[in-house]
Amino acid sequence: MFRLFSQPHPIVERSRSTFLLCAGAGLFVGLFLMIFQPFGSYNIHSPDKWIMPWVYGVITGGVLLIHYFVYPRLFPRFFSEEKLDSRAKHPADLSPFPGYW
C-alpha cells in the first residue's frame with residue numbers, strides 16, 4: 001500500500017471526456033437540487049424557483065472546467081509532471097508562487 005502512495009500523480013488529460021465529466025457533474029448537481037429540494041428550498045413559492053438549482057449546476061460545471069482547462073494553462077509549471085510527483089521534498093515545493101513560502 002505504501003508503494004501506491006510513492007507513485008507520481010498522473011496528469012489528467014484535457015480531452016472530450018474531461019469536458020463531459022464537468023458537464024455531467026453540473027447536470028447531476030442541478031437535477032439533484034431540483035428533485036430533492038434540500039436546504040429548505042421546498043419552502044420557496046416562486047415561479048423562478050426552478051432556476052436556482054440549475055444556476056448551482058452551471059456554477060459547479062464552470063468551476064470544474066476552470067480547474068481542468070484554465071488553471072493548467074495559467075500555471076503550467078505548477079501542473080507539470082515533476083511538480084505533481086507525490087515524492088516532493090516539502091509541501092511548499094508544490095506552490096505555484098515559489099517565493100511566497
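This is a predicted model: local features need pLDDT of at least 70, side-chain atom pairs count only at pLDDT 80 or more; totals for chains, interfaces and linings use all residues.
User: Why are helices α2 and α3 called roughly antiparallel to each other?

Analyst: Helix α2, residues 16-36, and helix α3, residues 51-74, pack at an angle of about 160°, with their axes 7 Å apart. Angles over 145 degrees count as roughly antiparallel, and α2 and α3 are therefore described in that way.

User: Which residues make the contact between α2 and α3, and how do they divide into nonpolar, polar and charged?

Analyst: On the α2 side the contact includes T18, F19, C22, G26 and M34, while on the α3 side P53, W54, G57, G61 and F69 are among the residues that take part. The residues of this contact divide into 16 nonpolar, six polar and no charged.

User: What makes G61 count as buried?

Analyst: The relative accessibility of G61 is 9%, and buried means under 20% relative accessible area, so G61 falls in that class. G61 has its place in helix α3, and, leaving aside residues up to four places away in sequence, G61 touches C22 and G26. The C-alpha atoms of G61 and C22 are separated by 5.0 Å, although these residues are 39 residues apart along the chain.

User: Why is the pair of F28 and F32 called tilted?

Analyst: The count comes to three aromatic pairs. For F28 and F32, the ring centres are 5.9 Å apart and the planes stand at 35°. Rings pair if their centres lie within 6.5 Å, and planes under 30 degrees apart count as stacked, over 60 as edge-to-face and the rest as tilted, so the pair of F28 and F32 is tilted. Both residues lie in helix α2, four residues apart, which is about one turn of the helix, and F28, F32 and F36 form one aromatic cluster.

User: How do you know whether F28 and F32 are exposed or partly exposed?

Analyst: Exposed means over 50% relative accessible area, and partly exposed lies between that and the 20% limit for buried. F28, at 54% relative accessibility, therefore counts as exposed, whereas F32, with a relative accessible area of 36%, is partly exposed.

User: What makes Y71 and F75 an aromatic pair, and what are the centre to centre value and the angle between the planes?

Analyst: The rings of Y71 and F75 are 6.2 Å centre to centre, with 55° between the planes, and the pair is tilted; the limit for pairing is centres within 6.5 Å. Y71, with a relative accessible area of 37%, is partly exposed, and F75, at 30% relative accessibility, also counts as partly exposed.

How values were computed:
Residues are numbered from 1 along each chain as its sequence is written. Side-chain values use heavy atoms; hydrogens and water are left out. Axes are lines fitted to C-alpha atoms, for helices over the stretch in contact, and angles run from 0 to 180 degrees between N-to-C directions. Helices (H or I, at least four residues) and strands (E, at least two) are DSSP runs, numbered from the N terminus. Angles under 35 degrees count as roughly parallel, over 145 as roughly antiparallel, 65 to 115 as roughly perpendicular and the rest as oblique. Contact means heavy atoms within 4.5 Å. Ala, Val, Leu, Ile, Met, Phe, Trp, Tyr, Cys and Pro count as nonpolar, Asp, Glu, Lys and Arg as charged, and the others, Gly among them, as polar. Buried means under 20% relative accessible area, exposed over 50%, partly exposed in between (1.4 Å probe, protein chains only). Rings of Phe, Tyr and Trp (its six-membered ring) pair if their centres lie within 6.5 Å; planes under 30 degrees apart count as stacked, over 60 as edge-to-face and the rest as tilted.
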